[in-house]
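Subject: Structure handover

Hi,

Here is the structure for you to look through. Please open it beside this email and follow along.

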Amino acid sequence: MRIFVLLSRVPYPLEKGDKLRAFNQIKELSKNNEIILCALNPVSGLDEKRAFSVLRPYCHSVNFLKLPLLARLWNMFMAFITNKPFQVGYFYNRQAAGKIKKLINQYNPDHIYCQFVRTIDYVKDIDVSKTLDFQDVLSYGVKRRLEKASFLKAVVFRMEYRRLCEYEKKAFDYFDNLTIISIPDRNLIPHPEKEKIEVIPNGVDHDFFKPMERNKEYDIVFTGNMAYPPNVDAAGFLVNDIMPLVWKKIPEAKVMLAGASPARKVTALKSSKVIVSGWLDDIRDSYSSSKIFIAPMRIGTGLQNKLLEAMSMKVPTITTPLANAALSAKDGEEILIGETARQLAEQIIRLLSNKKLQNLIAEKGYDFVHRNHSWESATKKLGEIINHT
């Protein structure tokens, strides 16, 4: 089958969850299908040659469509006055739409696979069977940010939340199939027929993310794109609220915040006990050089890839009920759970003080992620959905 894949971002480098999901799905789908990739590129400075060389082995055709800054700003204004989500406006461009239609006419795909409601306007009127991957629930992610926003930001977020809800409903009219990352995310979709959405979880590359012997330079590590608001919030929560309670008991404990593009709020957390790494050529170094991994997520939706990666590397893991909702690991066996700063601090202290518990959680977490999360099995289900449309 020939599948036209439309993404709102180039799926390389793999510093964001949506890129990681798309890249691995393309890699797996390419084993039995011909992939025509079309990815929007709103980012200046992307090494397109490198991205092309990485993606080309899995795609019959690779196409990147640049979205000029002025056009993005204008389209966000047009979205405002036409009652569309700002995200849809930001990623929509009339010239890009024309090129996408030309590519579809040129390659005559059997199926169109899109990621995020951001791409709906490009394909909604095209008469080809289509699948949309919500990935996670964009509207609910905005709603959670609304709860912590200042007055002016809250006005914008409230507007965006309502509009995204409407677009998530519209997807049911335009697409033959709908997919999402987890059952908890599916339950948040504002539509009476949400049970029709197929759950396609994320996997993890177990051959890449495997246990590695390293000196444990850090006690606690948190990884992720450090410009992404839920990660920025989690980093601040960890350093400002959780760690002061840990330092009372274990004053020498060191924290590493590892990940691309740290926001100013993250770099401001640097100290003699807190290392902010920025981009790492190999993120595995951060996992393997730490005794504990923690993901103290308070906002955001979806399955956290960072949890899968840490568990696959046999690093004992701590997280919140919010992040574990999509993962469903067993508290006290495969993972440790805490919600408040005090609860999370107590879990950190428990692990750092008990080597036997560290090993138990690491082993059980490793077994759990190997049983439940592989890209091959997850994407096999996606391929069956697409091929049976």
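Below is what was found, starting with how to read the values.

This is a predicted model, so local features need pLDDT of at least 70 and side-chain atom pairs count only at pLDDT 80 or more, while totals for chains, interfaces and linings use all residues. Residues are numbered from 1 along each chain as its sequence is written, and side-chain values use heavy atoms, with hydrogens and water left out.

**Cores**

Start inside. The largest nonpolar core has 61 residues. A nonpolar core is a set of buried Ala, Val, Leu, Ile, Met, Phe, Trp, Tyr and Cys residues joined through side-chain atoms within 4.5 Å. Buried means under 20% relative accessible area, exposed means over 50%, and partly exposed is in between (1.4 Å probe, protein chains only). Phe 222, Leu 257 and Ile 348 have the most contacts inside this core. Helix α10 (residues 229-249) gives the largest share, eleven residues. Helices (H or I, at least four residues) and strands (E, at least two) are DSSP runs, numbered from the N terminus. A second, separate core has 42 residues, including Tyr 107 and Phe 157.

Among the residues it touches are Phe 222, Met 226, Leu 238 and Val 276, not counting residues up to four places away in sequence. Contact means heavy atoms within 4.5 Å.

**Strands**

Strand β11 (residues 290-295) is mostly covered, with five of its six residues buried. Three bridges join β11 to strand β8 (residues 218-223), and the two run parallel. Here Ile 220 has Ile 292 as its bridge partner. Three bridges also join β11 to strand β12 (residues 317-319), again parallel. There, Phe 293 is partnered by Thr 317. Two strands pair if DSSP finds at least two bridges between them.

**A buried loop residue**

Where is Thr 119? It lies in the loop between β4 (111-115) and α6 (120-123). Thr 119 is buried, because its relative accessible area is 0%. Leaving aside neighbours within four places in sequence, Thr 119 is in contact with Leu 6, Leu 7, Ser 8, Cys 114 and Leu 132. The C-alpha atoms of Thr 119 and Leu 132 are separated by 8.8 Å.

**Salt bridges**

How many salt bridges does a search of the whole structure find? It finds 17. A salt bridge is a side-chain nitrogen of Lys or Arg within 4 Å of a carboxyl oxygen of Asp or Glu.

Arg 298 and Asp 233 meet in one of them (3.0 Å, N to O). Arg 298 lies in the loop between β11 and α13 and Asp 233 in helix α10, so the pair ties together parts 65 residues apart in sequence. Arg 298 is partly exposed at 33% relative accessible area. Asp 233 is buried at 16%.

Lys 314 forms a salt bridge with Glu 363, with the closest N and O atoms 3.1 Å apart. Lys 314 sits in the loop between α13 and β12, and Glu 363 in helix α16 (residues 355-372), 49 residues apart. Lys 314 is partly exposed at 30% relative accessible area. Glu 363 is partly exposed at 38%.

**Helix α13**

Finish with helix α13 (residues 305-312). Eight of its eight residues are buried. Lys 314, which follows α13, has a positive phi, near 60°.

Best wishes
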